[in-house]
Structure formats: structure tokens, C-alpha cells
Amino acid sequence: MTEAVGIYLRLSDEDVNQKESNSIKGQREFIYNFIHQNKDLSSLEVREFVDDGFSGTDFFRPGITALLDGVKKGEISCIIVKDFSRFGRNYISVGTYLEEVFPSLGIRFISINDHYDNQKNPGNTQFLSTAFKNLMYDLYSKDLSQKITSVRRIKAQQGSYISPFAPYGYQKAMNQRLEIDAETAPVVKRIFQMALEGFGKVEIARTLNEENVPSPSMLRRRREDGYSCVTVHEKTIWRPSTISTILKDQRYVGDGIYGRVKPIEVGSQKEKKVVQKDWVVVANAHEKIVQRDTFLKVNAMFQSYQKRRNEPPHPLCKKVKCGACNHLISRKASKNKEKGATYRCPTSDVSEIYGCYQQKIEEKTMEDAIYDYLKALVDLEWMDGYEKKTETTLQEKIVEGERDLKKQESELKMLKLQKVHLYESYKQGRIDKDIFSKKKASFEKQCNFIHTLMLEGQKKLEELKGRTMNERGNQKEERALQEFTKELVETFVDMVIIERNGWIKIHWKFNDIFMGGKERI
């Protein structure tokens, strides 16, 4: 067995609002500090396995799969995690690994915060104690959360406003009702009136910014109402998206709305949208700011402007950001296909306070910058591993497919043999006709299923072998970078920044060997 330490880091979507110590960076620093303080570990090779954005409720995660594959192959002799919950939240599965799998393979497992080390304390019951406490806590939390949700829903149906913050234009009264905010309600009325008169969202936002009307975020910060406003700037402005949110908010006609979003699971900080038919809507729950017919007219106008797009996301989708205002920049497709798409920060349309670059950047310019740099790395054979990735993956799939076929052939032979034994038992009177018929039907069903799998497997193998021959006929550069794809961008590019002077800065997911860092202009 190789004397290597596998450190496992996990951050789920539910963890994004927790402390920095739970971030991937925080876990990494914590574990490496532990390794350096232990002489028996500091001299060993360290391999890192990461699952960023994966729940710990199951073990179907790429990082944990790679870690366990390394254990099976004898490449990892020790596993270190910050705590048990990073490894997994299903404590029955975690316990199986710690109590059965790892001891049988001679794997040392260390959970730092839980003071658990199966090598120093064989038979340590610390895991069982921690697991039981966490299990009881999870059950209690889920039960409590469900009860609170039920109570909140009943209150909402009675017209109470139970959200922590009132929408812009209202204030939350002591009796859990919304009341008109004298300072901001006129602004809401004006936004609807301008929209009714034909002003676009960009024009409305620019007008409010020019008149120095505080945006919802700035107002909450000024009032110090406890609202968490996370921004890289001291000042936030009106944006078209803010205007759009207000114009679509049915609460301004006096209706109470509850249940538009819900947590993706119990205890999660991340939410998902709920279909409108499942909302709790209470008519005339509070005083209205906007007439209902005005609200309907405005939304009908904007609904007619919306374009529905079903095309797959472009490779640079959510990868381009303004270096001045720090907001993502959306792709603007050109009606003339020969000209191509462009990127331009829309913040400059509503305000100049950040100094955003106001000209358009052609998409092809960004693609060429990324593609040319990666191609240069291929020429230096720095990307040898990536250029062989496709062929290696295909070969692995072929070997796996052939192994599955052999396994299925063995299973089919075994089933046929069992059918023969079944018939012999029937003829010898050891089983009656009903049992024979049922078991025979079951065997035949299993045989047909496996036979179908084998046919599909053989077809896939032929396709994979054909693709392998095609891949081998390509040149090195073509294998590495056949085209500018989403996969290529996700693999190598962290973010593309458009600076105030129009320069393009690329943040890579690896250290730039030319510049000695992760940025390149």
C-alpha cells in the first residue's frame, strides 16, 4: 500500500452562508495545519479530494468516489477530514465505512474536530457518540422546522405578514401587518406610473439614480434595520432588475403573498421557487399602494416584451464580470449572425458612479484570448494529461463495458443452470407445480432482462471502439481543443473580468506558468 494521506474537503449548497472555517479554503488550511503538527503525517504525500456544492446525505459524489477508488487501489493509507459531517451526514453509511470497510483494509481514519483516530484508539466509541447526538439533533430540527412551517402558513392564511422584512414601500407594524411607508410608497407609485407611460426599466432606474433616490438596499443600510446587504461597494444603485422585481410584486395591490420560495430541504439556507398555484394569496390583507388595474396593465405590457429562449447556455455563460461594479455581464446576441455576440456592462446605462467600461467587447475576442493561451500550453506539452483525456476516458469505458458483458454472461449462465436444477427438482417431486411455474417465470424474466442489457452493451462497445479509432487519427492540438465548449471553459476558466479601461483579465483555475499566478491580461 502507498503511504499517502487523502484529505477530503466538502462544501454543500447548505453551507454557503456558514462560517468561513467551513469553506473549502478554511477546511484545507485547518487540515494542513494538523498534518504539519504531526510528525507521523507531515512526511507523507498528501492528495486532495474535493466536493464543492455536494450534499453529504449520500456517497454519490465525484470527490468521495475518487477517494474511495484510491483506497481500493491501495494508493491511500490514511484519510483525514475536519469532522464526520464533512465525510457524510448519513451516519449509518459513515459508520459502515469506519467500523467495517476501513479496518478491513487497514486504512487509518482521522476526524480532527471529533478527536477520532482509529489507529491510536482502536474501538473508540467517539464516532457512535457523535453520530447519535447529530442524528437526534437532525430529527429534532426536521420536526421543529415542519411545525414552524405549518404555523407560519396558518398565520399567512389569516393575513399576517410573517416575513422578517417588509417590501420596499411598506413598513412592518407590530400586529404583523404591512402599513404604508410614507417615504418610499410614492417612489413605488412613480415607478408604476412611469412604466404605464412607456418608460423602460433602464430609463426608470437611470432617472431614480440621477435624482439620488436611495435604492432599497441603501435605504435598509441607512435605517440600520438589520438587513444583510452584501456588496463590494459602499453605495448600491437602482438597477433594471430592481425595477422589474417591484413591478412584478403583487403585494403592492394589497394582497398578502406567502410561500413563493421554500428551502430545497429542511435546514437548508438555499431556496427554490414554488409554482404560483401553491402560493398562499390573501386578497386585501393590507393597504394597497397601486391600483389593481394599473398593476395588471403594466405586467401585461412587460410580458409582451419577454422573449423565450430554449438554446443551451453559451460556454461563457455566468463567466464574464465587470471589474468596476463587480456584477455579471450577460451575453447580447446580435441579429446579424456574422457580427457575433457582444458583452457590455449594463450598469453604465443607469449610473456612471462605478466607472464601468461602456463599450462592447466582442465575444470572439474573449474566446480567442482563452483558446490561444490554452493552445500555447498544448504546444509546450503542459497539457499532456488533458490532450489524452478523451482517449483515456474512452479506453476506460471500453474496458468497463467488456467487464460488464463478461459479468452478464456469467449471470446468464448461472440463471440457465438454476433453471435446469429447478426442473430437476420439479421432476423429482421436491417442489410442486405452482412453485415451479412461478420460479421458472422469474428466471425467464431475469434472463430476458440480462439479454437486453447485453445487446445494449455490445452496441455501446461498438460505438466506443469506433470513436477511439477516430480520436487516434486526430492531431495533438485537435484532441486537446477541438472546439470552444462549455466543458473546456468550466475546466480551465474561473472568471473573465472586463476592466475599466476595456482590458480583459482572465482568472484561471490553475497557476499561469507564464505569469506565475492565476490571472492573465
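Select Asp40 to begin: its relative accessible area is 37%, so Asp40 is partly exposed (buried means under 20% relative accessible area, exposed over 50%, and partly exposed in between, with a 1.4 Å probe and protein chains only). You are looking at a predicted model, where local features need pLDDT of at least 70, side-chain atom pairs count only at pLDDT 80 or more, and totals for chains, interfaces and linings use all residues. Residues are numbered from 1 along each chain as its sequence is written, and side-chain values use heavy atoms, with hydrogens and water left out.

**Stop 1**

Helices (H or I, at least four residues) and strands (E, at least two) are DSSP runs, numbered from the N terminus. Is Arg108 buried or exposed? Arg108 counts as buried, because its relative accessibility is 8%.

**Stop 2: another salt bridge**

How many salt bridges does the structure hold? There are 21. For one of them, pick Glu363 and Arg331, whose side chains meet at 2.5 Å, N to O. Glu363 belongs to helix 13 (residues 363-379) and Arg331 to strand 13 (residues 331-332), so the pair links parts 32 residues apart in sequence. Glu363 is buried at 6% relative accessibility, while Arg331 is partly exposed at 37%. Next, select Asp181, Glu183, Arg222 and Arg223: salt bridges that share partners join these residues into one network.

**Stop 3: helices 7 and 8**

Colour helix 7 (residues 185-196) and helix 8 (residues 201-210). Two packed helices are described by the angle between their axes and the distance between the axes. Here the angle is about 140° and the axes are 10 Å apart. Axes are lines fitted to C-alpha atoms, for helices over the stretch in contact, and angles run from 0 to 180 degrees between N-to-C directions. Helix 7 and helix 8 are therefore oblique to each other (under 35 degrees counts as roughly parallel, over 145 as roughly antiparallel, 65 to 115 as roughly perpendicular, and the rest as oblique).

Stay in helix 7 and click Val187. Val187 is buried, at 13% relative accessibility. Show Gly169 too: the two C-alpha atoms are 7.5 Å apart in space, though Val187 and Gly169 are 18 residues apart in sequence.

Over in helix 8, Arg206 and Glu210 are four residues apart, so about one helical turn separates them. Their side chains meet in a salt bridge of 3.4 Å, N to O. Arg206 is partly exposed at 22%, and Glu210 is exposed at 55%.

**Stop 4: strand 1**

Head to Leu9 in strand 1 (residues 4-11). Leu9 is buried, with a relative accessible area of 0%.

**Last stop: helix 15**

Finish at Val420, in helix 15 (residues 389-427). Val420 is partly exposed, at 43% relative accessibility.

How values were computed. Salt bridge = Lys/Arg side-chain N within 4 Å of Asp/Glu carboxyl O.
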